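Please read the numbered points alongside the sequence and the model.

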Amino acid sequence: MIIAIEGMDGSGKTTVAKSIEEKLKFKYIKEPLKELFEIDDKHIEKISKKIFDNKDIKLKAWYLALGDIFALNQYKNENIVMDRHVLLNYYWNGNEQSKEIFDTQVKLFGKPDLTIILYASPEIRLNRISNRNPNDPDLQKDNMKKNGYDKLLEFVKKYKYNYVVIDTDNLSIDEVIKKCINQIETLADEHN
């Protein structure tokens with residue numbers, strides 16, 4: 001079973017995904033490109049910076065899609081939880097120029113069994129990021145003040161993903177994790 005945990009930065013994706021790994025014994029996948037290229041953090045950061053500094057949105061979209069494609073193909077017969085999948089790529093790089101990239105990715109390589117979108121308002125996300133690291137450069141980015149979820153929902157509806165949205169604003173992290181695990185267990189029961 002392939003589960004994707006999605007949401008804007010500061011929504012709790014990594015904490016939730018790591019908890020699912022621990023509690024349900026899923027394999028945790030955060031940076032599939034590192035695994036694909038068999039390189040360390042320093043080298044993947046160097047490659048990513050070069051790609052992201054490029055102005056060609058299609059190049060950025062394909063680069064990120066490559067990691068998603070690798071993970072779906074590599075682990076199609078395992079239980080994995082992905083800390084991000086295609087939605088944030090679409091958020092940052094999805095437009096008319098890159099539309100065919102996302103169409104092709106979904107058509108040829110499929111989609112997760114379940115995508116869990118963790119919603120958090122911009123104020124809550126900024127507060128969480130600040131608590132985690134008051135010097136995080138993301139705190140200075142204007143787009144962090146945007147909601148962004150309309151574009152994520154546009155994608156899952158357009159491509160008919162199996163998804164659920166969990167509003168994390170007024171929930172403890174333990175409550176969020178419990179809701180996510182309940183969704184996964186319900187899906188597993190439906191498949192058995």
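1. On terms: a residue is called buried under 20% relative accessible area, exposed over 50%, and partly exposed in between, with a 1.4 Å probe and protein chains only. Helices (H or I, at least four residues) and strands (E, at least two) are DSSP runs, numbered from the N terminus. The model is predicted, and local features need pLDDT of at least 70, side-chain atom pairs count only at pLDDT 80 or more, while totals for chains, interfaces and linings use all residues. Residues are numbered from 1 along each chain as its sequence is written, and side-chain values use heavy atoms, with hydrogens and water left out.

2. Helix H7 spans residues 122-132, and its buried residues are Pro122, Arg125 and Ile129. Seen down the axis of H7, these buried residues fall within an arc of 65°, so they line one face of the helix; the arc is that of the directions from the helix axis to the C-beta atoms. The face turned away from the buried side of H7 carries Glu123 and Asn131, both exposed. The buried residues of H7 pack against H8, where contact means heavy atoms within 4.5 Å.

3. Helix H6 covers residues 99-109, and Ile101, Phe102, Gln105 and Val106 are its buried residues. Viewed down the axis of H6, they fall within an arc of 120°, so they line one face of the helix. Glu100, Lys107 and Leu108 are exposed on the other side of H6. The cover over the buried residues of H6 includes helix H4 (57-74), H5 and helix H8 (149-158). Just after H6, glycine 110 has a positive phi of about 80°.

4. Which residues does glutamine 105 touch, leaving aside its neighbours within four places in sequence? The contacts of glutamine 105 are Ala65, Asp68, Ile69, His85, Val86 and Gly110. Glutamine 105 belongs to helix H6 and is buried, with a relative accessible area of 3%.

5. Two packed helices are described by the angle between their axes and the distance between the axes. Here axes are lines fitted to C-alpha atoms, for helices over the stretch in contact, and angles run from 0 to 180 degrees between N-to-C directions. Angles under 35 degrees count as roughly parallel, over 145 as roughly antiparallel, 65 to 115 as roughly perpendicular and the rest as oblique.

6. H4 and H6 pack at an angle of about 10°, and their axes are 10 Å apart. H4 is therefore roughly parallel to H6. The contact is made by Lys58, Ala61, Trp62, Ala65, Asp68, Ile69 and Leu72 of H4 together with Ile101, Phe102, Thr104, Gln105 and Phe109 of H6. By class, these residues divide into eight nonpolar, two polar and two charged. In this scheme Ala, Val, Leu, Ile, Met, Phe, Trp, Tyr, Cys and Pro count as nonpolar, Asp, Glu, Lys and Arg as charged, and the others, Gly among them, as polar.

7. The axes of H3 and H4 come within 9 Å and cross at roughly 150°, and the two helices are therefore roughly antiparallel to each other. Ile44, Ile47, Ser48, Ile51 and Phe52 of H3 meet Leu59, Lys60, Tyr63 and Leu64 of H4. The contact of H3 with H4 has seven nonpolar residues, one polar and one charged.

8. Isoleucine 44, in helix H3, counts as buried at 5% relative accessibility. Apart from its neighbours within four places in sequence, isoleucine 44 is in contact with Glu31, Leu33, Lys34, Phe37, Ile39 and Tyr63.

9. The axes of helix H1 (residues 13-24) and helix H9 (residues 173-191) come within 10 Å and cross at roughly 55°, which makes H1 oblique to H9. Thr15, Val16, Ser19, Ile20, Lys23 and Leu24 of H1 form the contact with Ile173, Val176, Ile177, Cys180, Ile181, Ile184 and Glu185 of H9. Nine nonpolar, two polar and two charged residues make up the contact of H1 with H9.

10. Most residues other than glycine have a negative phi. Glutamate 38, however, has a positive phi near 55°; glutamate 38 is found in the loop between helix H2 (32-37) and helix H3 (41-53) and is exposed, with a relative accessible area of 74%. Arginine 84 likewise has a positive phi, near 85°. Arginine 84 lies in the loop between strand E3 (80-83) and helix H5 (87-93) and is partly exposed, at a relative accessible area of 33%.
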